[in-house]
Each structure stands twice: as structure tokens, then as C-alpha cells.
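Hi everyone, thanks for coming. Have a look at it first.

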Amino acid sequence: MNRLKSSVRKFMLEDLDSIKKQDKPNVIVNFKAILLGFLVIWCLSGVIIYYAFSDWSDRGTFGDMFGAINALFSAFAFGGLVYTLFIQRYELSLQRKELEMQRLEVARNGDQLEQQKNVMIQQSFENTFFKMIELHHNLIASMNDKPYEGRRAIEKLREFLYDELKRANHKRDLNKTIEDFLSLKGRHIKHYLNNYYCILELIEQHGLNTEEDLRDSNYTRIALSQLSEDERFLIFYTLGYKSETRLFLEKFTDISELNHFARHHYEWMTS
């Protein structure tokens, strides 16, 4: 079997070599033959002229007969040179046009790649955004403040904070009330608040990339529309009472709009 394979391989190699030999042009040999032919004709012409004309003056007269032909061939040679220059100029102009077309094609491909990149970034943002919105609702559904669960737990947390805030009379008491609430009940809403804060950060980053006003963004409207009145109340106090988070929230909406019932505390937050 191995011998058969080696024989077939040898046959294929020999066949390939024969094809290469047939395809290879014998330019050098032909060029040498042409030069040798011209040399022989030139020598024979000299011998013929030498023996045909015994007198040197006759030989010169005979040679002068070919002066016009020499001038004609010289003119042909010059004309061929000029024609070659025009052909080269035309080919160079074609090459310049081809390079220009290639440059335009590269620029067009670059624009298409940039558009594809922007589409991919937009799709990636929207996939992440809506997954985080879905997580937002899952966190609410899984919220547990025994014996209350889900949105009922959110409602009871809002009622608890509301009752505590009614007892606070000045700024120090308001700050302490919210801090005590977060220390006591923060474990129930910490993950929920962090996720919502991350949603807003994601919208902010997208707005920086697209130069879109955050308050006019459709994604901001979608994010705010997910909040119930109880959630707005909790976010207003738990995120709005600190200056850094309040300023961050105001990039998206007037913080007083988060909860209409808590507007009387807006001045306390902004003072």
C-alpha cells in the first residue's frame, strides 16, 4: 500500500514538473537567437559591401542611400518614446483614480464599522438596562419585612419612616431619624436601592456617550415610571438626604417631584 502511494506521488510530481517546463517561456534563448541573427546580418552586410564595391567612394555613396531610412527609424524611435510617455502618464492617472476609489472605499467601510459599533453599543446598553429593570421588580417581589412581603413590605416601610419623620422637628432630628431608619430597616431595601442607583448610573453613562439630556431621556422616563408612590417616598429620603446622592438624583428629575407629600422637607435637603 505504501509502495502504491509513493508511486502515485512520484508520478504526480513528474507530471507537475513537465507542466512547469512546458509553461516556462524560453525568453532568454529566443532573445539570444535574435541578437545573434542581427549580428550575422550586420557582418554579412559588411562583407557584401566590401567585396561588391572596390572603391571606398562607391562604398560611401552606397551607405548614404540608407541615411533617410536611418532618419525615418530614428523618428519612429522618438515617436515610440513619446507614445510610451503618454501611455505611462495615462496609466499613472488610472492608478491615482484607483487609489482615490480605494481611499473612498476604506472611508466608507470605516463609517459602516462605526455605525455597526454604535448599534452594538446601543443594543448592549438596552439589554443591560431592561435586565436591571427586571431585577428591580424581582427585588421588590422578594422583599421581606416579616410578616409583610413584596410591595406590601414597601408600603409598611414607607409608613414606618413616615411616622418617625413626623416626630422630627428640626434638621438634626431629621438626619438622625433617616440614619436610624437605615440602620434598623436598611437591610431590607439596601439591595433594592443599590440596584436602582446603578440603573441611573447606567443611564448617565449612556447620556455621556450620546450627549443626550438626562431629564429628556426616554430611559429616564422609563426608570422613573417603575416607581410607586411608596418607592418614591423612600428614595426621596434615603437617597435625597445626602448631598452627593441628592445632586445625582437631580440630574434626572427635580427631587421634589419624587414625592409630592414630602415637598415640605425639600428646603431642609437643599439648605
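Okay, so this is a predicted model. Let's begin with the largest nonpolar core, which has 42 residues. Within this core, the residues that touch the most other members are Y196, I199, I203, I235 and Y237. And which elements give two or more residues to this core? Those are α4 (67–142), α5 (150–166), α6, α7, α8, α9 (243–249) and α10 (266–270). The largest share comes from α6, with 10 residues. As a general point, nonpolar side chains in soluble globular proteins tend to be buried together.

Now let's zoom in on α8, residues 229–238. Nine of its 10 residues are buried, so this helix is largely enclosed by the rest of the structure. If you want to find them on your screen, the buried ones are D230, E231, R232, F233, L234, I235, F236, Y237 and T238.

What does Y237 contact, once we skip its neighbours within four places in sequence? You'll find L161, L165, I178, A262, H265, W268 and M269 around it.

Last stop: R215, in the loop between α6 (171–210) and α7 (218–225). R215 is partly exposed, at 40% relative accessible area. Ignoring residues up to four places away in sequence, R215 touches E250, K251, F252, T253 and D254. Take T253: R215 is 38 residues from it in sequence, but their C-alphas are 5.9 Å apart in space. And with E250, a polar atom of the R215 side chain lies 2.5 Å from the E250 backbone oxygen.

Conventions
Residues numbered from 1 in each chain as written. Predicted model: local features only at pLDDT ≥ 70, side-chain atom pairs only at ≥ 80, totals over all residues. Heavy atoms only, no water. Buried < 20%, exposed > 50% of the residue type's maximum accessible area, 1.4 Å probe, protein only. Helix = DSSP H or I, 4+ residues; strand = E, 2+ residues; numbered from the N terminus. Contact = heavy atoms within 4.5 Å. Polar contact = N/O pair within 3.5 Å; in protein donor to acceptor, adjacent residues only side chain to side chain. Core = buried A, V, L, I, M, F, W, Y, C linked by side-chain atoms within 4.5 Å.
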